[in-house]
Structures are given as structure tokens and as C-alpha cells.
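The following paragraphs lead the reader through one structure, from a single residue to the chain as a whole. Please keep the sequence and the model in view while reading.

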Amino acid sequence: STDKSYCSFAWLCESKGQNDGEAEKIAKLYEKYAYNFVTDTETSYSYNDKTSTLTTNYKYTLDKKEESTADGTVMGILPHQYKNMTGYTYLDNEARTIRGNMKYLVGDSYSTNLKYSGILPSMPSIYTSDHDELAGYVKDFMEEYGPTDTKVTKEEYGENTYDTGKKMNRAIQVMEAAEECGDTDSANKLLKGLEAELSDWFTYSGEDDTKYFYYDSDVGSLLGFPQAYYTVDGLTDHHFHYGYFIAAAAQVGLRAKQWIKKYANVIDELIGDIATETKNSPTARYPFLRQFSTWEGHSWASGHANFADGNNQESSSEAINAWAALILYGEATHN
């Protein structure tokens, strides 16, 4: 309409069976929803621990213009969603996306149901006949990289949030291997090394301190210094880096309850920065699930969204490590 300051457009391309006027038919079907403008989208979730089912609800908020003749809108549904949905009737057309064929659903909400099967806190036990070989690997590691009184390993390089996180992750694996093959001395040394490294990062002793975390209220984010890969300058990769710290804290906490209580406030900040679950709270220090896209079903790594590939998520394995770390920390603290 010439006297209105709005317009609508819809994606009709790459739709299945659009020959012989099929695209025009789809456009006609879409037309009745053209005056229902999407002003907000929101997700909420609940977990049923009796059935191990996670239910996620997706809700659209619509501004219906006076010309509107229908309720709802045309919602795009991705494969990881519709494979976990039942009881819905989709439109005939589909579209290709990088995630697979998108289906379309008319309405203003839908829900998915996912089964949660749990995680292993560590690799399962091995045959005792292999313990000698495993003990040899532990011995080699301890001789070359074993912890000092103040560091998780003897290495001097890697004093930033990423390299330190990776070294702590490696030390955890060796600590578990040492426990498995009965090398309690090495396991205890590694545990103390992890405690020392984390304690160093979790405390601030003044201007000469070289490793610490800082909460910046202007941007609502926890910043780790020294940074790596633009975690401060670009707010990138926080779940990758902080996931290693949360995982290490969880593994220490599973073995040293008093230590984890001492630093619980700092660990809560690390978790809050990447996975705050509260919404729209006036006292919230962090946004809701900063790193995680509930519609895409995975997290994002970039803070500036200036990549040709979107917000960037180059290491899904490190993202999974972060979310597994939350579960382990919850186990360690009964939370």
C-alpha cells in the first residue's frame, strides 16, 4: 500500500516442485500472513528428569497490521528440530539450507523433545593387562611435563586463557590415567598442580599479577588476561577458553570439596559469562545463554559477527567440552 511505511518479503526459491506455477501457488498461500510482522522470538525450556526429556518451546511475537486476515506466520523448521517433533502438519514446499531441507509450519509456536542420555565423566576403565603400558605413558609425561609447585606443567609458554586451558585439560587426562593404573603419587602431584594453576587464575594480587579474570560492567562480560584469539578485544571464544577452566575446576572439586567451595564465586562467574539461564533480570550480570543459539541448536564463537560464515563456530568439540564441563561441575557441587 502506498500510504504504508512497511513491506514484506518471503523466500520462495529452491522450493520443491515449483514448476508449473508452484511458486505462485506458494506465494498465494503466504500472502495472508504478509501483514503479520515478527517483532520478537523467544525460547524456553524444561527438563523432565523422570523421562530424561528436554522440551524446548519456540515462540514468535507478532504485530498484526490492520490488513491482516489470518493469525500466525510461516515458520522455518530445521532438520534437527522437526526430527524431534510430532503432531505437526507442514506445508508442501521445502527449501534447501546448509543444515538440510527446511520445512515450513504455520503458527506462532512449536516445541521439540530431545532425550538426554548423560555423559561419561572420563574414559572407562581398561584391562589390567594394559596398566603397565599406561603407567609408562604417565611416567614419560611426568618426567617431561610434570607439574611444579605453582604451575600445572613445567612448560613456561602458554600464559593465556587458551593455552593454559589446554594444558590443564591434558593434565586432567594424565591424572585420570595415573589413577587408573594405581600411580597415586603422580595423580596427587597433578591434582595439586591443577589446584595451584587454578588458584593463581582465580585470585588477583595487584598490578604485578599476570593471570586473572576481570568483570567489565560496561560490556557485561568476564574477561581473562592475558587474552588469546581476541577473547577480550572481540569477546570471541569465551566458551572454548572458560570451558577448560570449568572442567578443570570440576575435576579438582570431585576430589577436593573444600578447594572448590573456596573458589565457587569465581567459577560461577565463568559459568555465568557463557551460560546464564535467567532472562531479562534487572540484576543479571550476563545475557541469557550468551554463547548458545537455541534455534540453531549449537553455540557461536565470534563476538563481532563479521565473518562471511556468520558468527563462526570453528571448534564444535571445544564447545561440547564446555557444556560437558557444566554437567561435571554440577555433579561436583550437587547443583
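Pro79 lies in helix α2, which comprises residues 79-82. In this predicted model, Pro79 has a relative accessibility of 8% and therefore counts as buried, the cut-off for that class being under 20%. Which residues does Pro79 contact, once its neighbours within four places in sequence are left aside? They are Arg99, Gly100 and Asn101.

Helix α1 (residues 22-31) may be considered next. Its residues Glu22, Ala23, Ile26 and Tyr30 are buried. These four cover an arc of only 100° around the axis, which means that they are on the same side of α1. Against which elements do the buried residues of α1 pack? Their packing partners are β3 (73-77) and β5 (100-107).

At least two lining residues come from each of α1, β1, β3 and β5. The element that gives the most to this lining is β1, with three residues.

Strand β1 also takes part in an open sheet of three strands, arranged in the order β1-β2-β6 with antiparallel pairing. β1 (36-48) and β6 (109-115) stand at the edges and have a single partner strand each, so one side of each is left without a neighbour in the sheet. On average, and with direction ignored, neighbouring strands of this sheet are turned by 15° against each other. Between β2 (residues 53-64) and β6, the antiparallel pairing extends over seven bridges. Thr53 has Lys115 in β6 as its bridge partner.

A further antiparallel pairing joins β7 (residues 212-216) and β8 (residues 221-225) over five bridges. Within this pairing, Leu223 in β8 is the bridge partner of Tyr214. The two strands β7 and β8 form a hairpin, with four residues between them. In the turn, Gly220 has a positive phi of about 65°.

Another glycine, Gly136, is found in helix α3 (residues 131-145). Is Gly136 buried, partly exposed or exposed? Its relative accessibility is 26%, so Gly136 counts as partly exposed. The C-alpha atom of Gly136 is separated by 9.8 Å from that of Ala178, which is 42 residues away along the chain.

Nine helices and 10 strands are present in the protein chain, and buried residues make up 42% of its 335 residues. Along its principal axes, the C-alpha trace spans about 75 × 50 × 35 Å. Among the contacts in the protein chain with a separation of 6 or more, 62% are between residues 24 or more positions apart.

Technical notes. Residues numbered from 1 in each chain as written. Predicted model: local features only at pLDDT ≥ 70, side-chain atom pairs only at ≥ 80, totals over all residues. Heavy atoms only, no water. Buried < 20%, exposed > 50% of the residue type's maximum accessible area, 1.4 Å probe, protein only. Arc of directions from axis to C-beta. Contact = heavy atoms within 4.5 Å. Pairing = 2+ DSSP bridges. Axes fitted to C-alpha atoms, helices over the stretch in contact; angles between N-to-C directions.
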